[in-house]
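Please keep the sequence and the structure in view while reading.

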Amino acid sequence: MDHQPTTPRTPWVLGITGASGTPYAAAVLRALLDAGESVDLVVSRAARLTMLDETGLSFHESRWRTDVKAFIGRDPGDTVVWKENDFSAGPASGSYPTRGMAVVPATTASVAGIACGMSKDLIQRAADVTLKERRRLVLVPREAPLRRVTLQQLADLSGEGAVVVPASPGFYAGARDVQQLVDFVAGKVLDILGVPHTLYTRWSGTLGAARATGHEQGHATGPDPEEATPDA
C-alpha cells in the first residue's frame with residue numbers, strides 16, 4: 001500500500017496571561033481561526049480571573065470548547081488547549097512544530113520570566129522554545145507606567161528577535177467603537193505573524209480617509225454581549 005505524505009499540523013501558540021486586556025486575546029484568536037489557522041491555546045490561572053472580571057465569562061478545561069466559543073463568539077475550530085502547568089505539552093518542546101507564538105496580553109511577570117528564561121509555566125516555556133528555535137514571538141504588554149527593569153527586559157527580548165506590540169490602538173484607522181480599537185491591536189499582531197486579516201483600515205496616504213468611509217472593511221466582531229452569560 002502506498003503511503004501518501006500528510007501535512008503536519010503546525011499551529012500558532014497563543015498564551016493569555018493575567019494582565020488586563022483579555023478582549024485583545026479574543027480578537028487575535030478569532031482572527032487566526034477566521035484565517036484558517038490552527039491554534040494551541042494556553043490560558044493562565046490569573047488570566048481566567050481577568051477574563052471573568054472583564055467579560056463575565058469563565059474558562060474551564062473540562063468544557064473549554066463551550067467556554068472558548070462564548071469568549072470569541074464562534075466555534076473554536078482547530079484549537080487545542082493545553083494546561084498552563086503541563087510541561088509535557090507539545091509547545092514545551094522544540095521538536096513540536098509551531099509557526100510561532102503570541103502572548104496577548106503579557107503581564108510584566110511573564111515578560112520577566114521569558115526574558116530570564118525561567119520557564120515557570122507553559123506560557124514562559126513555550127515562549128522560550130519559540131525564541132531558541134528562532135520562530136516568531138509577539139509580546140503584547142498591557143501595563144502603564146512601565147518600570148525601568150521591564151523596559152530593559154522588553155529591549156533584551158527585542159534583541160533576541162521577539163516583537164513587542166504594546167496594547168496601544170491607533171486612532172487613524174477610523175475606529176468608531178471599542179471593538180474596533182481592540183481589533184486594531186489584534187490586527188497589528190497578525191501583521192507581525194504574517195496572517196492576512198481585515199481587522200482595521202490601513203493607512204492610504206489620505207488624511208481622514210478611514211474616518212470618511214466609516215471603517216467599511218469587514219472587521220471581526222466580538223460575541224453578542226446579550227448572549228454572553230456570566231458563569232463563575
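## Helix H5

In this predicted model, the buried residues of H5 are Leu122, Ile123, Gln124, Ala126, Ala127, Val129, Thr130 and Leu131. Eight of the 11 residues of H5 are therefore buried, so the helix is largely enclosed by the rest of the structure.

Both ends of H5 have a feature of interest. At its start, a side-chain oxygen of aspartate 121 comes to within 3.2 Å of the backbone nitrogen of isoleucine 123. After H5 comes arginine 134, which has a positive phi, near 60 degrees.

## The second largest pocket

Which helices each supply at least two residues of the lining of the second largest pocket? They are helix H4 (108-116) and helix H5 (122-132). The volume of this pocket is about 170 Å³.

The lining consists of Thr17, Gly18, Ser44, Ala46, Glu84, Thr107, Ala109, Ser110, Lys120, Asp121, Ile123 and Gln124. Sorted by class, three of these residues are nonpolar, six are polar and three are charged.

## Threonine 17

A polar atom of the threonine 17 side chain lies 2.6 Å from the backbone oxygen of proline 105. Leaving aside residues up to four places away in sequence, threonine 17 touches Ser44, Ala47, Val103, Pro105, Ala106, Thr107, Ser110 and Ile123.

## Serine 88

Serine 88 is found in the loop between strand S3 (79-82) and S4. With a relative accessibility of 66%, serine 88 counts as exposed, because the term applies to values over 50%.

The side chain of serine 88 forms a polar contact of 2.6 Å with the side chain of aspartate 86. Serine 88 and leucine 122 are 34 residues apart along the chain, and their C-alpha atoms are separated by 9.1 Å. Leucine 122 is one of the buried residues of H5.

## Helix H7

Helix H7 covers residues 178-193. At 1.5 Å a residue, its 16 residues should span 22 Å, and its end C-alpha atoms are 23 Å apart, which agrees. Aspartate 177 caps the N-terminal end of H7, where a side-chain oxygen lies 3.1 Å from the backbone nitrogen of glutamine 179. H7 is followed by glycine 194, with a positive phi near 80 degrees.

The buried residues of H7 include Leu181, Phe184, Val185 and Val189. Against which elements do the buried residues of H7 pack? They pack against strand S1 (12-16), helix H1 (22-34), strand S4 (100-106) and strand S5 (136-141).

## The chain as a whole

The protein chain contains eight helices and six strands. From the N terminus on, their order is β-α-β-α-α-β-β-α-α-β-α-β-α-α.

Of the 232 residues in the chain, 49% are buried. Among contacts between residues at least 6 apart in sequence, 72% join residues at least 24 apart.

Conventions
Residues numbered from 1 in each chain as written. Predicted model: local features only at pLDDT ≥ 70, side-chain atom pairs only at ≥ 80, totals over all residues. Heavy atoms only, no water. Helix = DSSP H or I, 4+ residues; strand = E, 2+ residues; numbered from the N terminus. Expected span 1.5 Å × (residues − 1). Buried < 20%, exposed > 50% of the residue type's maximum accessible area, 1.4 Å probe, protein only. Contact = heavy atoms within 4.5 Å. Polar contact = N/O pair within 3.5 Å; in protein donor to acceptor, adjacent residues only side chain to side chain. 1 Å grid on protein atoms, 1.4 Å probe; cavity = no way out; pocket = protein on both sides within 12 Å on 5 of 7 lines; lining within 4 Å. Points joined across faces, edges and corners; volume = space filled by probe spheres on them. Nonpolar A, V, L, I, M, F, W, Y, C, P; charged D, E, K, R; others polar.
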